[in-house]
There are 2 protein chains.
Amino acid sequence: MAHLDRIFHSLADSTRRAVIAQLAIGPASISDLAQRHHMALPSFMKHIRVLEQSDIVVSRKSGRVRMCELRPESLKTAQGWLESERRTWETRLNQLDTFVENLAAKDNADGNR
Amino acid sequence: MAHLDRIFHSLADSTRRAVIAQLAIGPASISDLAQRHHMALPSFMKHIRVLEQSDIVVSRKSGRVRMCELRPESLKTAQGWLESERRTWETRLNQLDTFVENLAAKDNADGNR
């Protein structure tokens, strides 16, 4: 899977988005996160693994606890892709506007002849 | 599936992202798009259906041709979600910076006593 595929796949699940929202506020332990989502650790770990594979989350063992942290670079990559498509779309709309305005101006000029 | 789930799922595939990039430039017929991606129509239609289900693309029959158009609202929804998480994350970083600066200033003041 390409990096963008993995990033968007990670974001396509409400539990994983909630984890991202939680980690944007600050690091948290996997067991705390699992508890907050009322999930058993093994099924919750699958979500963490998906988030780690897309480099959105990094986890580190700290004593007996595994802590998760957000890595915002991947989210920025996704935002960048969306932003670039939006700009292409808006450029096209502006060009259409200009085209229609020029057409109207030409019509007016022709009418005034 | 929630709307955001469907949007991000749509984006998690390079063929679908390429279709979005193509439609940002302007509307296109399904058969043109399929040809451009060297795909048979039936398998390509699956991608179009995913894009339609997330309201990213709308298709309309125009004579004997089915034309696809981009609906940028769903992409804006996705961008909005990412933007909001980024802002939360940056607010936290700024708070951490201020905290560390205050700590350093306090240390300096204590050292000068």
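How far apart are the closest N and O atoms in the salt bridge that A:Glu83 forms with A:Arg86? The first point answers this. The model is predicted.

1. A:Glu83 pairs with A:Arg86, and their closest N and O atoms are 2.8 Å apart. Both residues belong to helix H5 of chain A. They are three residues apart, about one turn of the helix. Over all chains, a search of the whole structure finds twelve salt bridges.

2. **H1(A) against H5(A).** Helix H1 of chain A covers residues 3–11. Its axis and that of H5(A) come within 10 Å and cross at roughly 100 degrees. H1(A) and H5(A) are therefore roughly perpendicular to each other. On the H1(A) side, the contact is made by A:His3, A:Leu4, A:Ile7, A:Phe8 and A:Leu11. H5(A) contributes A:Ser74, A:Leu75, A:Thr77, A:Ala78, A:Trp81 and A:Leu82.

3. **H2(A) against H4(A).** Helix H2 (residues 14–25) and helix H4 (residues 41–53), both of chain A, pack at an angle of about 70 degrees. Their axes are 10 Å apart. An angle of 65 to 115 degrees counts as roughly perpendicular, so H2(A) is roughly perpendicular to H4(A). The crossing is right-handed. From H2(A), A:Thr15, A:Arg16, A:Val19 and A:Ile20 make the contact. Their partners in H4(A) are A:Phe44, A:His47, A:Ile48, A:Val50 and A:Leu51.

4. **H5(A) against H2(B).** Here the packing is between chains. H5(A) and helix H2 (residues 14–25) of chain B pack at an angle of about 25 degrees, with axes 7 Å apart. Angles under 35 degrees count as roughly parallel, so H5(A) is roughly parallel to H2(B). In H5(A), the residues involved are A:Trp81, A:Glu85, A:Thr88, A:Trp89 and A:Arg92. They meet B:Arg17, B:Ile20, B:Ala21, B:Leu23, B:Ala24 and B:Ile25 in H2(B). Note A:Trp81: this residue meets H2(B) and also takes part in the contact with H1(A).

5. **Nonpolar surface patch.** Which residues form a nonpolar patch on the surface? They are A:Phe99, A:Val100 and A:Leu103. Together they have about 300 Å² of accessible area. A:Val100 is placed in helix H5 of chain A, which runs over residues 72–112.

Key:
Residues numbered from 1 in each chain as written. Chains lettered and ligands numbered in written order. Predicted model: local features only at pLDDT ≥ 70, side-chain atom pairs only at ≥ 80, totals over all residues. Heavy atoms only, no water. Patch = residues over 30% accessible without salt bridge, like charges linked within 9 Å, V, L, I, M, F, W, Y side chains within 5 Å. Areas by Shrake-Rupley, 256 points an atom, 1.4 Å probe, with all protein chains shown as cover. Salt bridge = Lys/Arg side-chain N within 4 Å of Asp/Glu carboxyl O. Helix = DSSP H or I, 4+ residues; strand = E, 2+ residues; numbered from the N terminus. Axes fitted to C-alpha atoms, helices over the stretch in contact; angles between N-to-C directions. Parallel < 35°, antiparallel > 145°, perpendicular 65-115°, else oblique. Left-handed = near helix turned anticlockwise from the far one by under 90°. Contact = heavy atoms within 4.5 Å.
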